[in-house]
Amino acid sequence: MAGLTRTAGAFTVTPHKISVCILLQLYAPSAQMSLPFPFSSVSQHNRLGLYLLSLTKSCDDIFEPKLEDLLNQLREVGEDMDAWLTDHLTNRFSSLTSPDDLLNFFNDMRGILGSVDSGAAQDDQIILDPSSNLGMFVRRCILAFNLLSFEGVCHLFTSIEVYCREAHSSSAQYDASNDNLESLIQHDQMDMEKYIMDKATEEIELQKNASGSVPFHLHTPEALFKVTEGLLVTRKEKSRTNMKKTEATPLACASSSTADDTLVDESLFLRTNYQIQGCLMEQADAIETHGSSLSSSSIESFLQKLQNLAPELHRVHFLRYLNKLHSDDYFAALDNLLRYFDYSAGTEGFDLVPPSAGCSMYGRYEIALLCLGMMHFRFGHPNLALEVLTEAVRVSQQLSNDTCLAYTLAAMSNLLSEMGIASTTSVLGSSYSPGTSTASSLSVQQRVYILLKESLRRADSLKLRRLVASNHLAMAKFELMHVQRPLLSFGPKASMRHKTCPVSVCKEIRLGAHLISDFSAESSTMTIDGSLSSAWLKDLQKPWGQPVFSQESGSRKSSTFFQFCDHLVSIPGSVSQIIGASYLLRATSWELYGSAPMARMNTLVYATLFGDSSSSSDAELAYLKLIQHLALYKGYKDAFAALKIAEEKFLTVSKSKVLLLKLQLLHEHALHRGNLKLAQRMCNELGGLASTTMGVDMELKVEASLREARTLLAAKQYSQAANVAHSLFCTCHKFNLQIEKASVLLLLAEIHKKSGNAVLGLPYALASISFCQSFNLDLLKASATLTLAELWLGLGSNHAKRALDLLHGAFPMILGHGGLELRARAYIFEANCYLSDPSFSVSTDSDTVLDSLRQASDELQALEYHELAAEALYLMAMVYDKLGRLEEREEAAALFKKHITALENPQHEEPNMA
Amino acid sequence: MVSKESCRNEIRAAIRQLSDRCLYSAAKWAGEQLVGIEQDPSNFTPSNTRFQRGSSSIRRRFGTNESISTPQPSVGFSQPPATPLPQDDEVIDGDLYLLAKSYFDCREYRRASHVLRDQMSKKSVFLRCYALYLAGEKRKEEEMIELEGPLGKSDAINRELVSLERELSALKRTGAIDSFGLYLYGVILKEKGNESLARTCLVESVNSYPWNWSAWSELQSLCTSIEILNSLSLNNHWMKEFFLASAYQELRMHTESLAKYEYLQGIFSFSNYIQAQTAKAQYCLREFDQVEIMFEDLLRNDPYRVEDMDLYSNVLYAKEACAALSYLAHKVFLTDKYRPESCCIVGNYYSLKGQHEKAVMYFRRALKLNKKYLSAWTLMGHEYVEMKNTSAAIDAYRRAVDINPCDYRAWYGLGQAYEMMGMPFYALHYFRKSIFFLPNDSRLWIAMGKCYQSEQLHMLEEAINCYKRAVNCGDTEGIALNQLAKLHKKLGRNEEAAFYFEKDLERMDAEGLEGPNMFEALVFLATHLKTNKKFDEAEVYCTRLLDYSGPEKEKAKSLLRGIRMAQTGFPSMDMEHFPL
């Protein structure tokens, strides 16, 4: 409690700063020489000066380098006089044998500062200008030292000892000269037995010290490599790379028992409140971008240390909450979230709260509710989440925290649209009815719409740009998925617009992406990311001509580049994330509208430009979209190869969708190859992924039963397939899943077509087409048209003309955007139409038919779709037979036979992916 | 049952051995128990019993001689009291040891350990290590102040722990460690966070030397759950009973704990310690009157006692005895002003007087003296709640909870604070937590029920369930019954409502209470019975209502009239509708 009264940004003397001071003394000795003793050239001198400047600049970094690292860097800078520099440094340290020496040292430091007026006295004299950067640094050090009490000096003295000893233990140059220092330092420890005991134990202890510090101070080969390459790597970067290295984790755990002794020296490097906040923010970003691929225990041990060092820094609890959230530990996450808000009252470190607002009395507990709600949402407790968010709305209204209210409404609409809760009336109706009193009677969709509108309005008026942007995106998503009807207007004026209009979707998406231009205009508080202090050392890399990005592995290259640019244009990660999300949404919308190239392009834009700043789940989504595209347009081989890569990359992401996609692909593959047992198994596994709670994971459940119906259809169990499809349609209707309805209707038409009941199939196909029309699902509509045509043909060959017309109408869409299967189907059907048309003569117009069939069979080969391929080849053989081209006929027949045998023995060649 | 005499002899020897090793608090504890043993009436003249608390020096000397001369029963771990008293080897390293001990007594710990640097006897090794440990602790305390940083950073650690741990583990490996060394090793391991090893060390220590109460209490602090407690393999000894009693108490098994203390009181019938602990357990069972008497008694015997007096002040606070509380505070302050307990008592006094700022100041002082003083954090939270500074209250409660996650009062306080801020759903989590630790307290259930009942949540079914639990836990204030009745009435379940109103009425009758609740119950019951055509019973309630004045009387009159009407076979006409 007493500690809180001290200023947060205190500048304290640390051993590292003393190192810098010693070097400064070398750089500008008080003796009047134009070029001080050890330097052979002016450029060499300047080089040291530059280095010192960067050191003083990076002094505000979170962790300071250890002596060993400093020495390594010095060797690089010093070139031929490196030995002299490092020796001087270590000797100077070992000459500090009592607190008095420290006092004298700082007295001497005063000498290297020139007086204010003598600045221009002599040109060739090297004197530090007291108001220069280096001079300021020296002055601050001297001042800080003078402020120290005697106890403080003693602590500094012991920490210098630790600082030196660590360097010695790691370089394993433990020689007798050090004994002197040791004995002096330990004069207060009366335990003489230590000395009688052999030195081996002492060595052990030192080793322990060294090993205990691994989690912070890299001794990993990579880092050493970096240093020897001459790259000045700041401590933070190192600690970050260390976090990535999961191998370090067991070490960190093993050394936790000895952690206590290392903690002492860590504390010296702990910096101001402000910088720690920055560091924590970076960690939070890391947790989000890397998901649970970042080993949670390594972060945990880091947080534990931080908490030991700064028990009053409550943000640690929040970070721990994030960490636990990403490693799916519900109880720990809940506990830490509550703890954070209990301690800080939500006032520490939330940048969405303007600090000027007087909040000391009541705290910001509405934010706690918001976070809690989102946590429940993530863990799949939609009803709990809704309760909590409702309370959040109430409390933020009470405390008139409009910012929080806007965010809460957005979160709520997100929850409702994602979860599609069926029974919300009881919850929402009683509590919050924005704008209208009839809110309780509204459907979920309408409520989502209202919430979004409200949130958008508030966010707009409060100038919460990111929220505005993400609300626009959510709005776009909403309009994409739902028929927009004018709400609550029943009069004659009510125009019934039944279409979701791509124009408005695009408009919303573009509005969302406007964020970036807003941010370049506004130099907001968001630039503080704690990474600024390290930017200095990074900038220094450039003139030295080092291979800046050479150390990064290929995939991270762009990220480094962007980080680098970040310092120039200062676009916060969250902004680029939202913009990235807009591209993803664009891709999805094109996917639905049925433009494959546009979808692919947008996904690619996302993956290349935003892949590194995005959260791992978004990146995963982009990858999966691309893989899906591959499967549809290039066949399974490529898709499975790509899936392997994605699997490795995203295996650790919690709630990973990779498995989902894998099952989908395997199912599809098995269906095509006629391996129905496998298909059924995949289908069941897919269903098993969904949560058992009502109204949760609806998309997944729909997907599973859709696939089940298709499997049944392939197994020619028509009535069962129709049953499944019917109940699925009911579910879709209940949860208002309009787009899914369209595909279910199409499936029903398909079932009736296959069962030979074309008359029954027609209404379903027509209904599906009208659904597709109102949602602008062009590709689905084309495929429904194809089915419709097939149904017409099924009614008899006299309808062949009509069927052909229908098909030709849909052909541009199918050929331009359709996948392999759809295209092949269309081709085969076209050939079928021609062949069944009595007015068509094979002998005169054989090429029209043969071309389509050849195209179809080629595409089906890639898909390994045996049934259709056999059909195409059969037709081909028949045509050849008619034409009398026997050789080609035999060829086609042989291929036909191959496909038929493959279809009959599906397990003959099991895919090795399963 | 162990004979009193053997107990006495054991303790006497133990005190000597403990204070020889400078384990003063354990010696103090043992001493308290020694004088707590009831004297054998046959050995004493009646005049002697008056002074039995300090038996005469002659007697004591005689006693120790006796203990040395009496041959110990044969060594065997199966027999309960058979742990042999270890013989001291003090003759061998006499002089240096004596010097070291006197340094130690003067609190010059490093000097003491230095004197013993070459001594290899177990006793000297222990004292050296112990002195070193204390020196480290002292330095740690000082550094804590020196190193205090802007974020509450106080990473001061006992710098001797590493070397001590190394030395003691080496000794343990070679078997050259006695039970005292094991105790110290256990303490060090606990401080280093190695709890399971610490437990085994302490168990080993108390099994070989059971009279060291400090070892027992360290062990007790490591038993955070009943499973851990049961998994310990402890030799039977009467000291184990003390241990179990205190462990049960910590684990909130108050009745078990009380049973143990009752058993122990058979031997140590005059022990202040047992009396205080019994009072503590009774306090947790909310037997305030009894506790007050016990503490009064305790203070009469031991007027300068400060330990546990904060509990007494809590009792006085609950009974709103201002004068007694101020008297206690004054007395304790004169005894020792710089004890967290004293500050806590003063804080309680100011709180009772409604001067919450001052109360907070004293609680803060108590916390300054002991940062981990649980009840001060909780009480400070209460004060902040009184001052309507909810965020400060939440902070204080949260600190209490983080010190001891089983502190149901603090969880409850957290829930209350959040409820005050209009966040009942958020508060529910905290109430649930507090109920988890104390499932049999009706007050907690009622609080949770109120929370569910709040207008924001309006989850009446859940509220009813909570109140039902409260009734089952023996709700003394009758809130739950009343609320149950009202809720059922609100939900239109008249049968249930009538049932609970009747029960509530019975309770009020038994306690001789009157008030609006009673009127409400009577009116409801009368109307309900009347509509159900149970006119006789309805009439009984109506006539009871007639005894009171006010609108209820009029209501009863009209009800009665209606009943008469219905009984005499008039067509069912509601007379109330006619202006009479």
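Predicted model: local features only at pLDDT ≥ 70, side-chain atom pairs only at ≥ 80, totals over all residues.

User: Why is the pair B:Trp29 and B:Tyr273 called edge-to-face?
Analyst: Check the centres, then the planes. Rings pair if their centres lie within 6.5 Å. Here the centres are 5.4 Å apart. Planes over 60 degrees apart count as edge-to-face. These planes stand at 75°, so the label is edge-to-face.

User: What parts of the chain does that pair link?
Analyst: Distant ones. B:Trp29 sits in helix α2 (residues 24–36) of chain B, and B:Tyr273 sits in helix α15 (residues 272–284) of chain B. They are 244 residues apart.

User: How do you know whether B:Trp29 is buried or exposed?
Analyst: Buried means under 20% relative accessible area. B:Trp29 has 7%, so B:Trp29 is buried. B:Tyr273 has 9% relative accessibility, so B:Tyr273 counts as buried too.

User: What makes the pair B:Phe126 and B:Tyr130 stacked?
Analyst: The angle of the planes. Under 30 degrees counts as stacked. The planes of B:Phe126 and B:Tyr130 are at 15°, so the pair is stacked. The ring centres are 5.4 Å apart. Both residues lie in helix α7 (residues 122–146) of chain B. They are four residues apart, about one turn of the helix.

User: Why do B:Phe126 and B:Tyr130 count as buried?
Analyst: The cut-off is under 20%. B:Phe126 has 2% relative accessibility, so B:Phe126 counts as buried. B:Tyr130 has 12%, so B:Tyr130 counts as buried as well.

User: On to chain A. At what angle do α19(A) and α20(A) pack?
Analyst: Helix α19 (residues 365–378) and helix α20 (residues 382–398) of chain A pack at about 165°. Their axes are 8 Å apart.

User: Why is α19(A) called roughly antiparallel to α20(A)?
Analyst: Angles over 145 degrees count as roughly antiparallel. The angle is about 165°. That makes α19(A) roughly antiparallel to α20(A). The crossing of α19(A) past α20(A) is left-handed.

User: Which residues of α19(A) and α20(A) make the contact?
Analyst: From α19(A) they include A:Leu369, A:Leu370 and A:Phe377. From α20(A) they include A:Val388, A:Leu389 and A:Val395. By class, the contact has 10 nonpolar, three polar and two charged residues.

User: How do you know whether A:Phe377 is buried or exposed?
Analyst: A:Phe377 is in helix α19 of chain A. The limit for buried is under 20%. A:Phe377 has a relative accessible area of 17%, so A:Phe377 is buried. A:Phe377 and A:Ala411 are 34 residues apart in sequence, and their C-alpha atoms are 9.3 Å apart in space.

User: Why are α32(A) and α33(A) roughly antiparallel?
Analyst: Use the cut-off of over 145 degrees again. Helix α32 (residues 636–650) and helix α33 (residues 658–673) of chain A cross at roughly 160°. They are therefore roughly antiparallel to each other. Their axes come within 10 Å. The crossing of α32(A) past α33(A) is left-handed. By class, the contact has 10 nonpolar, two polar and three charged residues.

User: Why does B:Lys388 count as exposed?
Analyst: Exposed means over 50% relative accessible area. B:Lys388 has 54%, so B:Lys388 counts as exposed. B:Lys388 lies in the loop between α21 (374–386) and α22 (390–403) of chain B.

User: What is the phi of B:Lys388?
Analyst: About 60°. That phi is positive, although B:Lys388 is not a glycine. Most residues other than glycine have a negative phi.

Terms used
Residues numbered from 1 in each chain as written. Chains lettered and ligands numbered in written order. Heavy atoms only, no water. Axes fitted to C-alpha atoms, helices over the stretch in contact; angles between N-to-C directions. Helix = DSSP H or I, 4+ residues; strand = E, 2+ residues; numbered from the N terminus. Parallel < 35°, antiparallel > 145°, perpendicular 65-115°, else oblique. Left-handed = near helix turned anticlockwise from the far one by under 90°. Contact = heavy atoms within 4.5 Å. Nonpolar A, V, L, I, M, F, W, Y, C, P; charged D, E, K, R; others polar. Phe/Tyr/Trp six-rings, centres within 6.5 Å; stacked < 30°, edge-to-face > 60°. Buried < 20%, exposed > 50% of the residue type's maximum accessible area, 1.4 Å probe, protein only.
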